[in-house]
Amino acid sequence: MSRRSGILEFAVLGLLRESPMHGYELRKRLNTSLGIFRAFSYGTLYPCLKTLVASGWLIEEPVSVPALPPATGRGVAPASSLAGRRAKIVYRLTAEGKEHFEELLSHTGPDAWEDEHFAARFAFFGQTERDVRMRVLEGRRSRLEERLEKMRASLARTRERLDDYTLELQRHGMESVEREVRWLNELIESERSGKDQRRSSPEGSTHHETSGETGGLPRHGEISRPDPSGDTK
């Protein structure tokens, strides 16, 4: 399985864990909720769905399409119109698929903090255990700090040989990485603060830790995530 195919399968399983969907709805959610899939087509999505069905992680459920209303003055719909309508296929996560997705969520290896995979992982942080979230965030930060150090060293070596536009492009790339590092620092601090706050809560408090709890995570609008497409590898 290629890395990109693996990311798509992960995202599909995650979305279907929320609710069953048909192919069109899935593609729409991939495009709108996970921007890294904007370039994906039905020609990519449906082979992925077939693979997940064959693996036993999804099942296909035909859904009947409502009949066309009677034609005006006829009382019945034209036979040609009825013949062209097909039942939609809804994809539903199986128990094995849910278990497999939870295993993927617990994974914290290097792939989890590479550019595209990290974006997909972050989209499902609400379903991810807090300790796993922390490891992924810290791994991503370390990855970007290494990248930033290499970019600075490269710029220092080549600065004198670059024209103004190329130099500005490299500076822009470095600023994008620096911005994401600052964003990660805020997220990590928020996760730690939320955890520490619960630890210090008086006995009998009504706060309970759950796998998807946001804890001290700033709410929507307090911080904004930089676009990973601006990173320079």
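Buried here means under 20% relative accessible area, so Trp183, at 4%, counts as buried. That cut-off comes up again and again below, so keep it handy while you look over this predicted model. The protein has 8 helices and 3 strands, and of its 233 residues, 35% count as buried.

**Overall layout**

- Reading from the N terminus, the elements go α-β-α-α-β-α-β-α-α-α-α.
- Take the contacts between residues at least 6 apart in sequence: 70% of them join residues at least 24 apart.

- The 3 strands make an open sheet with antiparallel pairing, in the order S1-S3-S2.
- Strand S1 (21-22) and strand S2 (58-63) sit at the edges with a single partner strand each, so one side of each has no neighbour in the sheet.
- S2 and strand S3 (residues 88-93) run antiparallel and are joined by 6 bridges.
- For Pro62, the bridge partner in S3 is Ile89.

**Helix H2 and its two faces**

- Helix H2 (residues 23-33) has Gly23, Leu26 and Leu30 as its buried residues.
- Look down the axis of H2 and those buried residues fall within an arc of 60°, so they line one face of the helix.
- As background, an α-helix has 3.6 residues a turn, so residues three or four places apart point the same way.
- On the face of H2 turned away from the buried side you'll find the exposed residues Tyr24, Lys28 and Thr32.

**Nonpolar cores**

- In soluble globular proteins, nonpolar side chains tend to be buried together.
- In this model, the largest nonpolar core has 24 residues, and those with the most contacts inside it are Val12, Leu16, Leu26, Leu30, Leu58 and Phe124.
- At least two residues of this core come from each of H1, H2, helix H3 (42-54), S3 and helix H5 (95-106).
- H1 gives the most to this core, with 8 residues.
- Leaving aside residues up to four places away in sequence, Val12 touches Leu26, Leu30, Leu45, Cys48, Leu49, Leu52 and Leu58.
- There's also a second, separate core of 20 residues, which includes Leu148, Met151, Val177 and Ile188.

**Aromatic pairs**

- A pair of aromatic rings is described by the distance of the centres and the angle of the planes.
- The structure holds 7 aromatic pairs.
- One of them is Phe10 with Phe124: the ring centres are 5.6 Å apart and the planes are at 85°, so this pair is edge-to-face.
- Phe10 lies in helix H1 (residues 3-18), while Phe124 is in the loop between helix H6 (115-123) and helix H7 (130-158), so the pair ties together parts that are 114 residues apart in sequence.
- Phe10 and Phe124 are both buried.
- Phe118 and Trp183 form an edge-to-face pair too, at 6.4 Å centre to centre with 85° between the planes.
- This pair links distant parts of the chain, with Phe118 in helix H6 and Trp183 in helix H8 (residues 164-199), 65 residues apart.
- Phe118 counts as buried because its relative accessibility is 0%.
- Ring pairs also link Phe118, Phe122, Phe125 and Trp183 into a cluster.

- Ile7 is in helix H1, and with a relative accessible area of 2% it's buried.
- From Ile7 to Asp111 it's 104 residues in sequence, but 9.8 Å in space, C-alpha to C-alpha.
- Gly139 belongs to helix H7 and is buried, with a relative accessible area of 10%.
- Gly139 and Gly109 are 30 residues apart in sequence, with 8.5 Å between them in space, C-alpha to C-alpha.

Methods:
Residues numbered from 1 in each chain as written. Predicted model: local features only at pLDDT ≥ 70, side-chain atom pairs only at ≥ 80, totals over all residues. Heavy atoms only, no water. Phe/Tyr/Trp six-rings, centres within 6.5 Å; stacked < 30°, edge-to-face > 60°. Helix = DSSP H or I, 4+ residues; strand = E, 2+ residues; numbered from the N terminus. Buried < 20%, exposed > 50% of the residue type's maximum accessible area, 1.4 Å probe, protein only. Contact = heavy atoms within 4.5 Å. Pairing = 2+ DSSP bridges. Arc of directions from axis to C-beta. Core = buried A, V, L, I, M, F, W, Y, C linked by side-chain atoms within 4.5 Å.
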